[in-house]
Amino acid sequence: MIHRTHYARQDSPRSAAHRNKRRSGTITLCVLACMAIVVSLCMTLLHSANRSRQETKLRHQMEQTERFLDAAILRAVTRRRADEQYKTETWRTELMFQGRAIAATAEIKVDESLEVTVQARLGSLPQQTQQSHQFQLRLEDES
């Protein structure tokens, strides 16, 4: 029977150091690639969360604008009932919104046929929201 003996190849210290450096460089590249992926995912999540926050804030401001429009409609009806000469008004005020005061403006117009147009604006550009409503007053509403 023939026995074969394998001997481990003896590398020179120089080639072993070179192989270790290549292995270390590969590991470093993998770590950097993983970090880049993680940073990219985190940035995407932050961008998405910020966009969602802005949309929620805008939706809330639209609801506030609708409430302000309702108040302006009530103001128009009340003022017209009190004064038959009431034709137009620009109502400027400030409302508390998310802990700070923002400008609120309502433009009210009543024409000869008692058609009332109310336009409400909240905030300032570029984050200004606006809603309007038009309705007809009846003559029995005048008394």
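Me: Which residues does Gln61 touch, leaving out those up to four places away in sequence?
Reply: Gln61 touches Phe97, Leu122, Gly123, Gln127, Gln128 and Thr129. Contact here means heavy atoms within 4.5 Å. This is a predicted model, where local features need pLDDT of at least 70 and side-chain atom pairs count only at pLDDT 80 or more, while totals for chains, interfaces and linings use all residues. Residues are numbered from 1 along each chain as its sequence is written, and side-chain values use heavy atoms, with hydrogens and water left out.

Me: Where is Gln61, and is it buried or exposed?
Reply: Gln61 is in helix H1. Gln61 counts as buried because its relative accessible area is 6%; buried means under 20%, exposed over 50%, and partly exposed in between, with a 1.4 Å probe and protein chains only.

Me: What does the side chain of Gln61 reach?
Reply: The backbone oxygen of Leu122, at 3.0 Å.

Me: OK, strands. How do E2 and E3 pair?
Reply: E2 (residues 100-110) and E3 (residues 115-122) pair in the antiparallel sense over seven bridges. Two strands pair if DSSP finds at least two bridges between them. Helices (H or I, at least four residues) and strands (E, at least two) are DSSP runs, numbered from the N terminus.

Me: Which residue in E3 is opposite Lys109?
Reply: Thr117.

Me: What about the turn between E2 and E3?
Reply: The two strands form a hairpin with four residues between them. Leu114, in that turn, has a positive phi of about 65 degrees.

Me: And E3 with E4?
Reply: E4 (residues 129-136) pairs with E3 in the antiparallel sense, over eight bridges. Ala120 stands opposite Gln131 in E4. This hairpin has six residues between the strands, and Gly123 takes a positive phi near 85 degrees.

Me: Switching to the surface. Which residues form the nonpolar patch?
Reply: Ile27, Leu29, Val31, Leu32 and Met35, with about 510 Å² of accessible area together. Areas come from the Shrake-Rupley method with a 1.4 Å probe, and for residues only the protein chains shown count as cover.

Me: Why is Leu29 called exposed?
Reply: Because its relative accessible area is 60%. Leu29 lies in helix H1, residues 13-82.

Me: What order do the elements run in?
Reply: From the N terminus on, α-β-β-β-β, that is, one helix and four strands.

Me: How much of the protein is buried?
Reply: Buried residues make up 24% of the 143 residues. The protein exposes about 11,300 Å², and carbon and sulfur atoms supply 55% of that.

Methods. Patches are made of residues with over 30% relative accessible area and no salt bridge: like charges are joined within 9 Å, nonpolar side chains (Val, Leu, Ile, Met, Phe, Trp, Tyr) within 5 Å. A salt bridge is a side-chain nitrogen of Lys or Arg within 4 Å of a carboxyl oxygen of Asp or Glu. A polar contact is a pair of N or O atoms within 3.5 Å; within protein, one must be able to donate a hydrogen and the other to accept it, and residues adjacent in sequence count only if both atoms are side-chain atoms.
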